[in-house]
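This briefing goes with the sequence and structure shown below.

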Amino acid sequence: MLKRLRSYLRKSLSQPTDLERRILGIRQAAAGIAVTPANAMECAPVRCAVQTIAEAIGQLPVHVYKRMPDGSKERDDKHAAQPLLHDNVTDWLSANEFRELVTRDALLWGNGYAYILREDGKPVELHRLDPASVKVEVDDATQEPSYVYSADGQNTEYAYEDILHIRAPSLDGVTGLSPIHAAREAIALALVMERHSGTLFKNGGRPSGVITMPGDLGDQPAEDFLKSWADTYGGDGNGGVAILESGADYKTITMTSVDAQFVQLREFTISEISRVFRVPPIFLSDYGRATWANNEAQGSQLLTFCLRPWITRWEGEIRLKLFGEKERKNFVAEFLIDDLLRAETAKRYEAYTKAIAARILNPNECRAMENRPPYEGGDEFINPNTMSTQQPAPQPEETT
């Protein structure tokens, strides 16, 4: 009963009560808000960071490659895991959307789970499991994990090889630590400031200026004066020269230092959330320090320091769970990151050209790095800039 209640509360509550927090084991942030996956996604920078990572992992193509005797790799479309990685995981869910869902679970809950349905020992379907309903148990003797899934009042236990488990950075190596939980103070501060700004503009709106009079005008004269002022200097008359009579004085309401600091704090929360998810600020629509020179560099940082770890986790889990023990030596699954490196293609090919010219690499070695098959004659170490491929012209025969 307690497990069912805990699962229901995790799914449905964005602001749990004190009793519900004790049941769920949720720690309240110092800002007074209990940060959960539900209300964390209501925070614009968090949602942007999570979607940036999850959608990138979902949209990247994944293929199965077979290792060849010469060290190269060729795409294998006949492997049982290929359609699950590239096409559909079930009849109703595409492989792209599946990877996005499981990655989002790992970002919000710390763990993303999927059940591997097999027929004759081959994987045929992948089913996402609600991370709030999964518990990981570790055997004290062998340290082998198993998974218990609770649904509709029933517990189902799965062996470790039957669950695809994508975990966030972990402290114990068993379950991932949710970035939402680890950075709850920064996220709670962002949520509090968003709510404060919404309340400010809802209940505490301010005029652009104040007109003071030396005496009391009375209700009707004041109303007539305001109407005359709005008709003269409002709309198209905005920015004109005002003429004040009877000692009236106009004062503009400017932003105070406290107001300016509030704006800076909101910008700071974006930077904090950027650090938590390791997403460069420009991908959170913060272009304060972006230039034409560093935009491309930040795109490279997104791939190298943010997406690469998640890609590596996926590739490792696919190799461990979707390939048999004997297959792991000959098959590998890889994400194609060419789409993310379009801006870097020219630099990469330029480096290949220099490596071939210096005879550090041969053309087939460079083609293997690009997952392309070798060609005849590509194993020779030659400098194409100094070696001519033209055949010498035939010499005429001497006559006696």
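Is α6 largely enclosed by the rest of the structure or largely open, and how many of its 15 residues are buried? The helix is largely enclosed, because 11 of those 15 residues are buried. The model is predicted, and its pLDDT averages 80 for the protein.

**Helix α6**

- Helix α6 covers residues 95-109, and at 1.5 Å a residue its 15 residues should span 21 Å. The C-alpha atoms at its ends are 21 Å apart, which agrees with that expectation.
- The buried residues of α6 include the charged Arg99, Glu100, Arg104 and Asp105. Among the others are Ala95, Phe98, Val102, Thr103, Ala106, Leu107 and Leu108.
- An α-helix has 3.6 residues a turn, so residues three or four places apart point the same way.

- Arg128 belongs to strand β6 (residues 122-129) and Asp105 to helix α6, so the bridge ties together parts 23 residues apart in sequence.
- Asp105 has a relative accessible area of 6% and is therefore buried. Arg128, at 36% relative accessibility, counts as partly exposed.

- Lys122 and Glu327 form a salt bridge through their side chains, with an N to O distance of 3.5 Å.
- This pair joins distant parts of the chain, 205 residues apart: Lys122 is in strand β6, while Glu327 is in the loop between α11 (295-322) and β13.
- Lys122 is partly exposed, at 41% relative accessibility. Glu327 is buried, because its relative accessible area is 19% and the cut-off for buried is under 20%.

- The side chains of Lys73 and Glu334 form a salt bridge of 2.5 Å, N to O.
- Lys73 lies in strand β2 (residues 73-75) and Glu334 in strand β13 (residues 331-335), so far apart in the chain that 261 residues separate them.
- Both partners are buried; for Lys73 the relative accessibility is 18%.
- Beyond residues up to four places away in sequence, Lys73 touches Tyr65, Lys66, Arg67, Met68, Val332, Glu334 and Asn371.

- Strands β5 (residues 111-119) and β6 run antiparallel and are joined by seven bridges.
- Glu119 has Lys122 of β6 as its bridge partner.
- Two residues lie between the strands of this hairpin, where Asp120 takes a positive phi near 55°.

**Gln143**

- Gln143 sits in the loop between β7 (134-138) and β8 (145-151).
- At 54% relative accessibility, Gln143 counts as exposed.
- The Gln143 side chain reaches the backbone oxygen of Asp140 at 3.3 Å.
- Val174 is 31 residues from Gln143 in sequence, and their C-alpha atoms are 9.6 Å apart.

**Tyr149**

- Tyr149 is in strand β8.
- Not counting residues up to four places away in sequence, Tyr149 touches Leu129, Asp130, Ser133, Val134, Gln154, Asn155, Thr156 and Tyr158.
- Ala132 and Tyr149 are 17 residues apart in sequence, with 9.2 Å between their C-alpha atoms.

**Confidence**

- Of the residues, 77% have a pLDDT of at least 70, and the protein average is 80.
- Residues 8-16 have a pLDDT below 50, and the model gives this stretch 25 contacts beyond near neighbours in sequence.
- Residues 19-26 also stay under 50 in pLDDT, with 18 contacts in the model beyond four places in sequence.

Methods: Residues are numbered from 1 along each chain as its sequence is written. Side-chain values use heavy atoms; hydrogens and water are left out. Helices (H or I, at least four residues) and strands (E, at least two) are DSSP runs, numbered from the N terminus. The expected span of a helix is 1.5 Å times one less than its number of residues. Buried means under 20% relative accessible area, exposed over 50%, partly exposed in between (1.4 Å probe, protein chains only). A polar contact is a pair of N or O atoms within 3.5 Å; within protein, one must be able to donate a hydrogen and the other to accept it, and residues adjacent in sequence count only if both atoms are side-chain atoms. A salt bridge is a side-chain nitrogen of Lys or Arg within 4 Å of a carboxyl oxygen of Asp or Glu. Contact means heavy atoms within 4.5 Å. Two strands pair if DSSP finds at least two bridges between them. pLDDT is the predictor's confidence in each residue, from 0 to 100.
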